Amino acid sequence: MTREYQLASSQHQFRILLLGDADVGKTSLLQRYIEGDFGADPPPSSTVGVEFYSRMLQLASGPRIKLQFWDTAGDERYRSITRSFYRNTVGVLLVFDVTNRKSFNHVEDWYQEVASVQGSDKVVFLLVGHKCDLQQARQVSTQEAETLAAVWGMSFLETSAKTNSNVTLAFETLVHEIQQSLQRGEIKVDGSWGGVRVIHRAQPPLNPRRKKPSGQCQC
Ligand SMILES: Nc1nc2c(ncn2[C@@H]2O[C@H](COP(=O)(O)OP(=O)(O)OP(=O)(O)O)[C@@H](O)[C@H]2O)c(=O)[nH]1
């Protein structure tokens with residue numbers, strides 16, 4: 001059975017982390033993707049530690065993937081808890097708020113934290129400039145963020161949970177890039193690592209040479 005066949009027909013689980021400063025909109029972005037709506041009124045309260053979400057995604061290229069999301073608290077008080085989740089993750093959405101320059105300046109700290117725990121080559125990152133509906137209050141230009149993403153070799157997208165702009169595209173871009181890294185063998189499924197898990201293994205196709213002879217009773 002080829003590795004390509006195995007990858008295409010086995011079912012995988014990807015663990016994906018959302019990281020970024022407090023209030024950049026991580027929970028709202030994820031809730032828009034999972035539940036399809038924007039925010040409660042009053043707005044969602046701050047995340048305490050880490051919260052879990054999951055959903056299935058059927059990729060256009062064939063495989064069905066179970067996505068497990070860890071929505072982390074941006075608040076410094078929870079850093080020791082969130083740090084313990086870095087190791088078992090294969091994808092990270094690095095989120096900043098386009099109306100908050102500080103949150104953009106801190107993106108490098110978030111990136112370095114994950115890279116120092118498991119190296120940047122085992123994790124696929126996507127840089128996300130969130131709240132792009134607030135054009136009047138923008139403090140970070142698209143070009144500036146694109147340049148940073150290019151330096152780190154990652155994709156960049158601007159999103160808004162409020163107007164539902166690029167939300168699905170952001171998650172699906174990340175998942176697609178993870179799947180491609182798996183196919184190229186850059187990311188390897190390893191039982192001791194929880195970033196990618198096989199949750200349903202493909203059965204090898206029947207050997208046609210061992211087919212029962214037709215017309216003959218087999219009982
Ligand atoms: N205008 C606008 N506001 C948003 C958007 N996404 C989130 N917000 C608002 O930003 C605030 C913070 O959103 P959260 O989703 O709680 O942010 P968070 O990053 O999860 O915050 P922590 O849990 O503290 O780390 C809330 O008032 C949201 O309503 C968006 O796309 N546009």
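**Strand β4 and its surroundings**

Mentor: Strand β1 (residues 11-19) pairs with β4 in the parallel sense, over four bridges. Strands are DSSP runs of E of at least two residues and helices are runs of H or I of at least four residues, numbered from the N terminus; two strands pair if DSSP finds at least two bridges between them. Please note that this is a predicted model, in which local features need pLDDT of at least 70 and side-chain atom pairs count only at pLDDT 80 or more, while totals for chains, interfaces and linings use all residues. Residues are numbered from 1 along each chain as its sequence is written.

Trainee: Which residue stands opposite L93 in β4?

Mentor: β1 and β4 run parallel and are joined by four bridges. The residue opposite L93 is L18.

Trainee: Which residue of β5 is the bridge partner of V95?

Mentor: β4 is also joined to strand β5 (residues 124-130), and the two run parallel with seven bridges. Within β5, V95 has as its bridge partner V128.

Trainee: How many residues of strand β4 (residues 91-97) are buried?

Mentor: A residue is buried if 20 or more other C-beta atoms lie within 10 Å of its own, exposed if 12 or fewer, and partly exposed in between, with C-beta atoms placed from the backbone. In a regular strand the side chains alternate between the two faces of the sheet. G91, L93, V95 and D97 point one way from β4, V92, L94 and F96 point the other way, and all are buried. β4 is therefore largely enclosed by the rest of the structure, the number of its buried residues being seven of the seven.

Trainee: Is L29 buried or exposed?

Mentor: L29 is located in helix α2, a helix (residues 26-35) in which eight of ten residues are buried. Because 26 other C-beta atoms lie within 10 Å, L29 is buried.

Trainee: Which residues does L29 contact, leaving aside its neighbours within four places in sequence?

Mentor: Two residues are in contact if their C-beta atoms, placed from the backbone, lie within 7 Å. V95 touches L29, and also V128 and H130 among others. With those neighbours left aside, the contacts of L29 are V95, H130, T159, A161 and V167.
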